[in-house]
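Subject: Handing over the two-chain structure

Hello,

Here is the structure I promised to pass on to you. Please have a look at it first, and then read on for what I found.

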Amino acid sequence: MSMDDLSNLIEPHVPALRRYAWSLAGDRDAADDLVQDCLERAISRWPSRHRDGNLRVWLFTILRNLFLSAARQRTRRGPHLPLDALVDGPTVAGGQDDRMRMRDLMAGLDTLPEEQRSVLLLVSIEDLSYEETAKVLGVPIGTVMSRLSRARDRLRVHMESGPAPSERKAPDLRRVK
Amino acid sequence: MMQGDRLIGEDDLQAYVDGRLAPDRRDAVEVFLGEHPEEAERIEAHRAQRDMLRALLKTKIEEPIPARLRVAPIVEEARSRHRRRRLQRLRALAAAGAWLIVGSVAGWYGKGLSRPTEATQITEAVQTRPMVVDAFSAYRTFVSEVVHPVEVDAKQEAHLVQWLSKRLGAPLSAPNLTSQGFRLMGGRLLPAGDGPAAMFMYDDDGGTRLTLYVRAGENDDTAFRYKGDGKGVSAFYWRDTGMGYVLTGALDRTRLLAVAEAVYRQLG
């Protein structure tokens with residue numbers, strides 16, 4: 001396979017990988033580092049890739065595993081999602097209320113444990129099937145479904161009750177587990 | 001609550017939120033939600049939340065890719081790293097090849113001394129591995145075949161390589177061994193445990209045939225190993241970046257090693 005072929009196969013997945021990485025790592029540079037590591041690993045392991053495997057699932061799996069092993073090495077959780085940059089940016093339409101709700105939503109997403117957040121992101125945002133999501137996480141489909149349900153319930157509670165007072169005051173939130 | 005054939009479950013409700021239910025199941029969920037206002041409210045909140053998340057994260061995917069995440073340079077870097085590593089291994093291999101000759105000469109004159117040299121270690125590393133056994137068996141079956149030694153002829157080399165690469169799920173190439181006096185005859189697909197293997201066949205002007213057996217999923221890299229079947233057929237085999245290779249032929253060891261080195265140099 002030529003270099004061009006390999007690039008043409010992998011590169012279309014880069015935007016989605018960046019988005020997932022950003023949602024996990026919460027910081028643009030950290031996310032791009034993660035994606036770069038993921039691409040390097042994918043390319044070096046390309047010859048031993050499972051034949052007939054789903055490329056997208058494979059890439060997401062590599063990325064998540066890299067994130068998890070880096071997270072295990074960190075003694076402290078990294079910075080939370082940069083809400084201001086995203087929600088106050090020019091790209092989000094709508095009035096002040098919408099922005100407030102989106103800010104709440106992102107803060108809520110940030111409070112989810114990684115295993116729930118990943119399921120929610122892969123299913124709701126990246127449109128992976130439940131089965132593909134189960135493969136990325138290495139868990140049964142039933143577990144995916146229950147994590148999805150728990151994540152959505154938890155986000156809903158967060159949205160309806162609003163962020164905890166301490167969160168409201170501190171612009172520099174840390175993830176709560 | 002029974003709706004249709006099966007009870008409505010939380011998995012149905014989540015799949016409903018994601019719009020992934022078959023029409024009849026979706027109708028059943030809607031009936032259920034019509035009868036359970038609290039659940040309907042919860043599920044509606046989930047749907048709204050999903051829409052909002054998608055809207056919010058939509059912009060993230062539209063951002064231009066930063067230069068450092070372009071795939072081609074990363075591939076190029078990985079390949080040049082790979083080439084450097086191969087070069088180091090090739091040098092080690094050349095050293096091992098020299099030992100092989102020295103070792104057999106020393107072995108001839110120094111019978112009974114039985115000093116373990118690197119050469120004897122290599123020749124004694126004759127562990128019977130399934131890959132080698134399979135390759136020997138394929139060799140025996142097809143090398144003596146007169147009418148259909150190969151499945152796809154070398155005239156269609158591009159097609160052959162593309163087909164085998166696709167089936168193995170790994171980029172293959174048929175090494176050019178004309179410098180060693182061997183021409184590609186063609187190749188075939190073979191069964192090998194849980195996946196297929198590829199085999200390329202070569203011959204020389206004297207009609208001597210060689211086979212190069214390749215399969216994926218051989219994850220532990222190994223250096224060259226040598227194995228003889230005791231009846232004049234021998235093989236060099238090695239594993240490199242996930243692929244296993246066995247070069248088999250009725251050649252003497254030195255000659256076979258030279259061909260194996262030529263194969264090794266060209267792959268990857």
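How many residues of chain A are in contact with chain B, and how many of chain B with chain A? The contact takes in 55 residues of chain A and 50 residues of chain B. Please keep in mind as you read that this is a predicted model.

**Where the chains meet**

The size of an interface is often given as the accessible area lost when the parts come together. Here chain A and chain B bury about 4800 Å² between them, and carbon and sulfur atoms account for 61% of that area.

Which parts of chain A supply its side of the contact? The elements giving two or more residues are helix 1 (3-10), helix 2 (14-25), helix 3 (28-44), helix 5 (83-87), helix 6 (96-111), helix 7 (114-125) and helix 9 (141-161) of chain A. Helix 3 of chain A gives the most, with 9 residues. Sorted by class, the side of chain A that touches chain B has 30 nonpolar, 9 polar and 16 charged residues.

**Two salt bridges to find**

Over all chains, the structure holds 29 salt bridges. One of them pairs the side chains of A:Asp33 and B:Arg68, at 2.7 Å from N to O. A:Asp33 lies in helix 3 of chain A, while B:Arg68 sits in the loop between helix 3 (37-62) and helix 4 (71-109) of chain B, so this pair joins two chains. Another salt bridge links A:Arg156 with B:Glu41, where the closest N and O atoms are 3.8 Å apart.

**Inside chain B**

Now for a pair of helices within chain B. Helix 1 (residues 10-17) of chain B packs against helix 2 (residues 23-35) of chain B at an angle of about 105 degrees, and their axes are 10 Å apart. That angle makes the two helices of chain B, helix 1 and helix 2, roughly perpendicular.

Which residues meet there? From helix 1 of chain B come B:Asp12, B:Leu13 and B:Tyr16; from helix 2 of chain B come B:Arg25, B:Arg26, B:Val29, B:Glu30, B:Phe32 and B:Leu33. By class, this contact has 5 nonpolar, no polar and 4 charged residues.

Enjoy exploring it!

Best wishes

Key: Residues numbered from 1 in each chain as written. Chains lettered and ligands numbered in written order. Predicted model: local features only at pLDDT ≥ 70, side-chain atom pairs only at ≥ 80, totals over all residues. Heavy atoms only, no water. Contact = heavy atoms within 4.5 Å. Buried area = accessible area lost by both parts, 1.4 Å probe. Salt bridge = Lys/Arg side-chain N within 4 Å of Asp/Glu carboxyl O. Helix = DSSP H or I, 4+ residues; strand = E, 2+ residues; numbered from the N terminus. Nonpolar A, V, L, I, M, F, W, Y, C, P; charged D, E, K, R; others polar. Axes fitted to C-alpha atoms, helices over the stretch in contact; angles between N-to-C directions. Parallel < 35°, antiparallel > 145°, perpendicular 65-115°, else oblique.
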